[in-house]
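Subject: Handing over the structure

Hello,

Here is the structure I promised to pass on to you, with the sequence beside it. Please open it first, and then read the notes below with the model in view.

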Amino acid sequence: MEWKTDLAKLAEYYGNAPTSRLRFDEPMEKHVFFGIGGLAAAYFEVTSVQELAAVASLKKRWNMPVATLGRGSNLLVSDNGYNGIVLRLVKELEGLEFDGDRVWAGAGVSLPRLSKVSARQGLSGIEFALGIPGSVGGALIMNAGAWGSSFGDVVERVQVMTYEGEVIELSRDEAQFAYRRSRLGRYFSVTGALLRLRPGDAGTITERMNELYSKKIATQPFAEENAGCIFKNPPNDSAGRLIDKCGLKGHRIGGSEVSKVHGNFILNIDSATAEDVLCLVRHIQQQVKQLTGVDLQIEVKMLGFDNE
């Protein structure tokens, strides 16, 4: 296929060991926390904004589907895989730069790294993110959060790339952060953000960060393969509480199981398929609706499905 030739040439042009960072027919189960998913037509680690713009041009030229992976922590990939290019943002797009109480974070930066480095710099406001195993880009798009805080709370500006390959900046208001969503998903990619944090004592901030992390690992499953919270919390309630109330903890379909620790997690405990997970999701939604009247909305992102 000609697009594969073009992509290979693009990777070679920008150097940085193209054979290791560009792979065709790549098993997605290797790249997502769920450990589930068929083959992606291509997997490509993008190292710079310029290279990302070249991929945007390639997408337009060949009309190829392109998706940015992030860390794969909140993603369910179809058993049929993804007939497109999956991107991972690395190198230049994983940069962290501090200037007083502001930090520039590239979209590829992991949230645990951002939390730890900010704490060492004596900057508060992102402690909650230590226990979220995602990337800055993903956290921006879905306005990730925990313990009453959300990523959008600390954003000053967001840098995105349009489908034309143009880099533009958006204000916090223009990003339109809301509960577990924003308007950033309409762009080709998020490339980074300027965050404004609060100065404080590094030891106190680190202590608070570790307290939140300890609380998280005590109340949520960490050892098993999963994609984090499956459902959004309904207004003034908890999806996990509703699922527990319906007696669904431990309920299993195929190789997937509702966590016995926290009802809002589905685990891959025995070579689960994406279809196993979706069947379990639908069962949970039906039971919670029938018994409580609440419609649970899916929070986890999906890739490679016809109705995504």
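Before the strands are described, one definition is needed: two strands are said to pair if DSSP finds at least two bridges between them. Please also keep in mind that this is a predicted model.

By that definition, strand β11 (residues 155-161) and strand β13 (residues 189-196) pair, with 6 bridges in the antiparallel sense, and one of these places Val-155 against Leu-195 in β13. Both strands belong to an open sheet of 5 strands, which runs in the order β6-β7-β13-β11-β12 with antiparallel pairing; its edges are β6 (96-99) and β12 (167-171), each of which pairs on one side only. Helix α3 packs on this sheet, where it touches β11, β12 and β13, and its direction makes about 50° with that of β11. Helix α4 (residues 111-120) lies across β6, β7 and β13, at about 30° to β6.

Elsewhere, strand β5 (residues 82-89) is largely enclosed by the rest of the structure, because 7 of its 8 residues are buried. Strand β2 (residues 39-46) pairs with β5 in the parallel sense over 6 bridges, and strand β3 (residues 66-68) is joined to β5, also in parallel, by 3 bridges.

Finally, which residues have the most contacts inside the largest nonpolar core? They are Phe-44, Ile-85, Leu-114 and Phe-151, in a core of 56 residues, to which helix α3 (residues 49-62) gives the largest share, 6 residues. Apart from this core lies another, of 35 residues, including Tyr-43 and Tyr-82.

Best wishes

Technical notes:
Residues are numbered from 1 along each chain as its sequence is written. This is a predicted model: local features need pLDDT of at least 70, side-chain atom pairs count only at pLDDT 80 or more; totals for chains, interfaces and linings use all residues. Side-chain values use heavy atoms; hydrogens and water are left out. Buried means under 20% relative accessible area, exposed over 50%, partly exposed in between (1.4 Å probe, protein chains only). Helices (H or I, at least four residues) and strands (E, at least two) are DSSP runs, numbered from the N terminus. A nonpolar core is a set of buried Ala, Val, Leu, Ile, Met, Phe, Trp, Tyr and Cys residues joined through side-chain atoms within 4.5 Å. Contact means heavy atoms within 4.5 Å. Axes are lines fitted to C-alpha atoms, for helices over the stretch in contact, and angles run from 0 to 180 degrees between N-to-C directions.
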